[in-house]
Amino acid sequence: MAKTKTQFVCQECGAKSVKWQGKCNACNQWNTYVEEVMDSGKSEERGRKLSKPSETILPLSINEIEVDEGFRLKSGINEFDRVLGGGIVPGETVMIGGDPGIGKSTLLLQVVDKLSRLQKDGQGKCLYVTGEESAQQIKLRAERLGARSNNLYIFPETDVFAILEQIEKTRPILTVIDSIQTLFLADISSAPGSVSQVRESAARLTYLAKREKLPMFFIGHVTKEGNIAGPMTLEHMVDAVLYFEGDIQRHYRLLRAVKNRFGSTQEIGIFEMREDGLSEVADASKAFLDDHFVHSSGSVITASLEGSRPLLLEVQSLVSPTNFGMPQRRASGIDPNRLALILAILEKRLGMAISSQDVFLNIAGGIKVVEPSIDLSVAVAVASSFREVPVGADTLVLGELGLSGEVRAVSQIGPRLAEAARLGFKQAVIPHGNLKAVSLLPDAPLEILGVKTLSEAIGILVPR
Ligand code: TYD
Ligand code: MG
């Protein structure tokens, strides 16, 4: 009898090795190698048989290829559709990751419910495959959400062959797999959740999705670093990768695309977790500024641009003398390195003695901002707390900072100022370089001040 061949596979990155290793040479993770039986080739045969195309596919001239451009299945949940680029494309596969308990199952249950309700009776079924919770648990959640569409089918199954068969039979307009890590293929010997199981399961589902133009959503667990667990190849396999994030303690949730073959990765969707599920937050700026009543030092309002949508945010800073040892720097919502740079500019260019101070910085609402256009507001917030001079509550601060303390122009100033004007702001301190663009805009009900340097901005906003 032939000896079963085994190999060791890194569960983080999918690297293979003939012997066990404590540390993976490819991704430097510790203790990630697991022994798996090598593929005998039989599984491939079976997979091919099961997903054999109905007719032979031949190469086509590029001019012969027809596209049904523009057709997108809309769930009716605008925040969700926008992140996907305007709805679900036929045959699209989407991976959605996020911390446990953040609301992935809730979101997708709401999506399939809404979507199947929009279809005429019996016309479009939606299939929710659950490997994590029982049908009863899903039902309990659905009752909370008010999800009771006749076209919504719950399928508690983890065997990929059974799922493929069911999808081919019922042809659901949308299939949700909750979660991809619970699936298993009987012809692969490694445990559910292991790299080869996840990769193969996703590959076979994706193949069916493409062939039959049946869109699928895969819910994925995340590692403690916040990446989708399983092989990196998983993210290459699907058309879009979304992350659902936010603070479990707070009620706002953000849906963000990190990869999207059918749309921009800039758009975000904002939701609020309520007693009866997730609800869309259409007026996000207003929601994020809701608590901005206290007029205190260290708080500055800025406008960040998330995709096509301007978002007003509150930057909060607290600067206090260090009691002993190393001064602390804590940043949440912005890159700590960016904060360190801004502090260095304040210290060197303005002579502020921040090196003996603890600095805490926070973007209210639990949002993360990567745009440099908030630099100036961060610097002003720190200076405001350091000098204990509050910034006017109806003032918007915008601008990118250069190393010599110059204020650089930001992109798309128009929508940002318009958003501030809409919410009743009276004054905006913006880069001098943007003044020309602003003068072209129709009269905004804002007093606009252009600044060339950080010290000019500090002189206006937080004078000594
Ligand atoms: P869930 O969708 O199960 O999270 P995930 O699938 O990402 O692990 O969401 C669970 C959390 O959401 C749970 O802590 C309770 C909360 N929740 C609400 O606040 N309201 C609701 O209507 C529902 C269904 C859940
Ligand atoms: Mg879940």
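**View 1. Surroundings of ligand 1.** A backbone N or O atom of Ile102 lies 3.4 Å from an oxygen atom of ligand 1, a polar contact being a pair of N or O atoms within 3.5 Å. This is a predicted model, in which local features need pLDDT of at least 70 and side-chain atom pairs count only at pLDDT 80 or more, whereas totals for chains, interfaces and linings use all residues. Residues are numbered from 1 along each chain as its sequence is written, chains are lettered from A and ligands numbered from 1 in the order in which they are written, and side-chain values use heavy atoms, with hydrogens and water left out. For Gly277, a backbone N or O atom is placed 2.7 Å from an oxygen atom of ligand 1, and a polar backbone atom of Arg274 is 2.6 Å from a nitrogen atom of this ligand. Of the 560 Å² of accessible area that ligand 1 has on its own, the protein covers 75% (Shrake-Rupley method, 1.4 Å probe; for residues, only the protein chains shown count as cover).

**View 2. The shell around ligand 1.** There are 16 residues around ligand 1, of which Ser105, Thr106, Arg141, Arg274 and Gly277 come nearest; a residue is near if one of its heavy atoms lies within 4 Å. Helix H3 (104-118), helix H4 (135-145) and strand S11 each supply at least two residues of this shell, where helices (H or I, at least four residues) and strands (E, at least two) are DSSP runs numbered from the N terminus.

**View 3. The aromatic pair Phe244 and Phe271.** The rings of Phe244 and Phe271 are edge-to-face, with 6.0 Å from centre to centre and 75° between the planes; rings of Phe, Tyr and Trp (its six-membered ring) pair if their centres lie within 6.5 Å, and planes under 30 degrees apart count as stacked, over 60 as edge-to-face and the rest as tilted. Phe244 belongs to strand S9 (residues 240-246) and Phe271 to strand S11 (residues 268-274), 27 residues apart. Both Phe244 and Phe271 are buried (under 20% relative accessible area, with exposed over 50% and partly exposed in between; 1.4 Å probe, protein chains only).

**View 4. Backbone features in loops.** Asn28, in the loop between strand S2 (16-17) and strand S3 (33-37), has a positive phi of about 60° although it is not a glycine, and Asn28 is partly exposed, with a relative accessible area of 47%. The peptide bond from Asp178 to Ser179 is cis, with omega near -5°, and Ser179 is found in the loop between strand S7 (174-178) and helix H6 (195-212).

How values were computed
Polar contact = N/O pair within 3.5 Å; in protein donor to acceptor, adjacent residues only side chain to side chain.
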